[in-house]
Amino acid sequence: MQLQQNPAGDQPTAQPGVLEVITGPMFSGKSEELIRRLKRARIARQRVACYKPDIDLRYHRTAIASHSEQTHEAVVVTPNSDRLREALFFSGQVDQVEVVGLDEVQFFDDGIQPLAMELVALGKRVILAGLDTTFANEPFGPVPALMALADKVTKLNAVCMTCGAPAIHTQRLGTSKELVMVGAAGMYEARCRQHFQPYVEAPAAEQMELSAVIA
Ligand SMILES: [Zn+2]
């Protein structure tokens, strides 16, 4: 964090940081891109803190995992912006790092937005990764607002499992709740606009709940 003289007074103020959002459907490489950026920051000798919600149980409990099996150490937190704030500020960790990464940001409440902007105001580089839409094709939680406020938005495409075209949608397959604890593969597919059929049978609240378990 570079310091500059505050022209109005004696206290030096931090230069603002940046907010980066990585979004797109499942299987578009969001976690992979987040991991790539965090690794590059580490190579540049920047100190990195990485968080993920504890509802993402696939693969590893204490690491971000991408579908391509790249991993990065992550602190597991409940998807609650107050808990994340505590993890950052009460421990003093926020003073120790230059870069804050957060995966599966779609599961957090709207309080994640002012928290992200507060970190940016403190000079942090904040990198958030998450789904932009639900499998009912509705904007997902706080992600659209974060995209609007970001310095940089990277919207990734997956590959349509039906035709091979670039895919912007997450297609939920089947309706059985018994499949809930199975990993993402087989439950969801990436689809293009032409081949996407929004999953509309379950109420939105239930969809959020199910996706929280397996997304
Ligand atoms: Zn297609």
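The structure is a predicted model, in which local features need pLDDT of at least 70 and side-chain atom pairs count only at pLDDT 80 or more, while totals for chains, interfaces and linings use all residues. Residues are numbered from 1 along each chain as its sequence is written.

The secondary structure of the chain comprises 5 helices and 14 strands; helices (H or I, at least four residues) and strands (E, at least two) are DSSP runs numbered from the N terminus. Of the 215 residues, 40% count as buried, a residue being buried if 20 or more other C-beta atoms lie within 10 Å of its own, exposed if 12 or fewer, and partly exposed in between, with C-beta atoms placed from the backbone. Among contacts between residues at least 6 apart in sequence, 73% join residues at least 24 apart; two residues are in contact if their C-beta atoms, placed from the backbone, lie within 7 Å.

An open sheet of 6 strands has the order β7-β4-β8-β9-β3-β10, with parallel pairing; two strands pair if DSSP finds at least two bridges between them. Strands β7 (75-77) and β10 (152-155) stand at the edges with a single partner strand each, so one side of each is left without a neighbour in the sheet. On average, neighbouring strands of this sheet are turned by 20° against each other, direction ignored. Axes are lines fitted to C-alpha atoms, for helices over the stretch in contact, and angles run from 0 to 180 degrees between N-to-C directions.

Strand β3 (residues 18-24) is joined to β10 by 4 bridges and runs parallel to it, with Ile-22 opposite Thr-154 in β10. Helix α1 (residues 30-43) packs on the sheet, touching β3, β4 (48-53), β8 (99-102), β9 (125-131) and β10, and its direction makes about 165° with that of β9. Helix α3 (residues 112-121) also packs on the sheet, where it touches β3, β8 and β9, at about 155° to the direction of β9.

The 14 residues of α1 reach 20 Å from the first C-alpha to the last, close to the 20 Å expected at 1.5 Å a residue; the expected span is 1.5 Å times one less than the number of residues. Buried residues of α1 include Leu-34, Ile-35 and Leu-38. The helix is followed by Arg-45, whose phi is positive, near 65°.

Within β8, Val-99 and Gly-101 point one way and Val-100 and Leu-102 the other way, and all are buried. Strands β4 and β8 pair in the parallel sense over 4 bridges, Val-48 having Val-99 as its bridge partner. Strands β8 and β9 likewise pair in the parallel sense over 4 bridges, and the partner of Gly-101 is Ile-127. The chain crosses from β8 through α3 to β9 in a right-handed β-α-β crossover, that is, with the strands pointing away from the viewer, the path from the first strand over the helix to the second runs clockwise.

The largest nonpolar core has 44 residues, and those with the most contacts inside it are Val-105, Ala-116, Val-126, Leu-128 and Leu-146. A nonpolar core is a set of buried Ala, Val, Leu, Ile, Met, Phe, Trp, Tyr and Cys residues joined through C-beta atoms within 7 Å. Leaving aside neighbours within four places in sequence, Leu-146 is in contact with Val-21, Val-105, Gln-113, Ala-116 and Leu-128.
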